[in-house]
Amino acid sequence: MEQFHATTIFAIHHNGKAAMAGDGQVTFGNAVVMKQTAKKVRRLFQGKVLAGFAGAVADAFTLFEMFEGKLEEFNGNLPRAAVELAKEWRSDKVLRRLEAMLIVMDARHLLLISGTGEVIEPDDGMLAIGSGGNYALAAGRALKQYAGDQLSAKEIAKAALEIAANICVYTNGHIIVEEL
């Protein structure tokens with residue numbers, strides 16, 4: 001059975017700011033663009049946390065709800081909420097079948113959460129997921145290294161997505177950027 005999928009999410013901590021960008025494309029199978037303006041980056045926990053997803057849409061919404069519940073349960077403690085979500089996701093027979101990944105961030109932490117139990121914090125303050133993730137990550141690293149303080153976190157996130165959209169057929173130019 002074909003599913004709705006494909007996206008690019010990029011997140012960065014840079015010069016004391018945090019930004020996350022995502023494109024708007026939803027693809028059905030490998031051949032049809034079903035929607036161009038989806039919002040895959042959300043503000044959670046009273047606007048203090050950003051979360052972005054890549055993968056099956058219904059699965060991602062389930063994970064957003066679960067993660068938001070964990071944030072509430074642990075009073076906004078992002079690392080603890082992420083670890084508890086990953087533990088539950090990995091150990092539950094039904095949840096293990098979810099096909100999605102999350103990037104979550106607050107002003108201090110940036111984490112990747114997957115269904116195989118990983119909670120990864122990057123060394124360089126940048127993460128990307130989805131079909132165009134590697135393109136966006138490479139672009140973001142180059143922008144941060146060579147433009148340095150000339151660009152803000154928000155500008156780097158947006159530019160990284162624009163570059164990925166020019167390369168990846170599953171990433172479009174309808175970009176949403178959220179900043180903390």
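**Notebook: salt bridges, cores and surface**

I looked up Glu84 and found that, at 17% relative accessibility, Glu84 counts as buried. I take buried to mean under 20% relative accessible area, exposed over 50%, and partly exposed in between, with a 1.4 Å probe and protein chains only. The model is predicted, so I note that local features need pLDDT of at least 70 and side-chain atom pairs count only at pLDDT 80 or more, while totals for chains, interfaces and linings use all residues. Residues are numbered from 1 along each chain as its sequence is written, and side-chain values use heavy atoms, with hydrogens and water left out.

**Entry: salt bridges**

I stayed with Glu84 and found its side chain in a salt bridge with that of Lys87, at 3.3 Å from N to O. A salt bridge here is a side-chain nitrogen of Lys or Arg within 4 Å of a carboxyl oxygen of Asp or Glu. Both residues lie in helix α2, 3 residues apart, about one turn of the helix. I also recorded a network in which Lys39, Arg43 and Glu178 are joined by salt bridges that share partners. For the whole structure I noted 9 salt bridges.

I then examined Asp23, which forms a salt bridge with Lys40, the closest N and O atoms being 3.6 Å apart. Asp23 lies in strand β3 (residues 17-23) and Lys40 in the loop between β5 (32-35) and β6 (41-44), so this pair ties together parts 17 residues apart in sequence. I checked the exposure of both, and Asp23 and Lys40 are each buried.

Next I looked up Lys70 and Glu88, whose side chains meet in a salt bridge at 2.8 Å, N to O. Lys70 is in helix α1 and Glu88 in helix α2, and the pair links these distant parts of the chain, 18 residues apart. Lys70 counts as buried at 13% relative accessibility, whereas Glu88 counts as partly exposed at 32%.

**Entry: overall fold**

I counted elements by DSSP runs: helices are H or I runs of at least four residues, and strands are E runs of at least two, numbered from the N terminus. The protein chain has 4 helices and 12 strands. Its radius of gyration is 15 Å, close to the 16 Å that the globule rule gives for 180 residues, so the chain is as compact as a globular protein of that length. The radius is taken over C-alpha atoms, and the rule is 2.2 Å times the number of residues to the power 0.38. I noted that the C-alpha trace spans about 45 × 40 × 25 Å along its principal axes.

Of the 180 residues, 51% are buried. Of the contacts with a separation of 6 or more, 62% come from residues 24 or more positions apart, where contact means heavy atoms within 4.5 Å.

**Entry: nonpolar cores**

I looked up the largest nonpolar core and found 22 residues; those with the most contacts inside it are Val49, Phe67, Leu71, Leu78, Leu102, Val104 and Ile113. The elements giving two or more residues to this core are β7 (49-55), α1 (57-73), α2 (78-91), β8 (100-105) and β9 (110-113). A second, separate core has 19 residues, including Leu143, Ala157, Ala164 and Val177. A core is a set of buried Ala, Val, Leu, Ile, Met, Phe, Trp, Tyr and Cys residues joined through side-chain atoms within 4.5 Å.

I listed the neighbours of Val104, not counting residues up to four places away in sequence; among them are Met20, Phe67, Leu78 and His109. His109 lies in the loop between β8 and β9, and at 16% relative accessibility His109 counts as buried. With the nearby sequence positions (up to four places) left out, His109 touches His13, Leu78, Pro79, Val104 and Glu121.

**Entry: surface**

The chain exposes about 8800 Å², and carbon and sulfur atoms supply 50% of this area. Areas come from the Shrake-Rupley method with a 1.4 Å probe; for residues, only the protein chains shown count as cover. I found a nonpolar surface patch of about 260 Å² made by Tyr135, Ile163 and Ile167. Patches are made of residues with over 30% relative accessible area and no salt bridge; like charges are joined within 9 Å, and nonpolar side chains (Val, Leu, Ile, Met, Phe, Trp, Tyr) within 5 Å. Ile167 is in helix α4 (residues 153-167) and counts as partly exposed at 48% relative accessibility.

**Entry: backbone phi**

Most residues other than glycine have a negative phi. I noted that Gln46, not a glycine, has a positive phi of about 55°. Gln46 is in the loop between β6 and β7 and counts as exposed at 61% relative accessibility. Asn75 also has a positive phi, near 50°. I placed Asn75 in the loop between α1 and α2, and Asn75 is exposed, with a relative accessible area of 65%.
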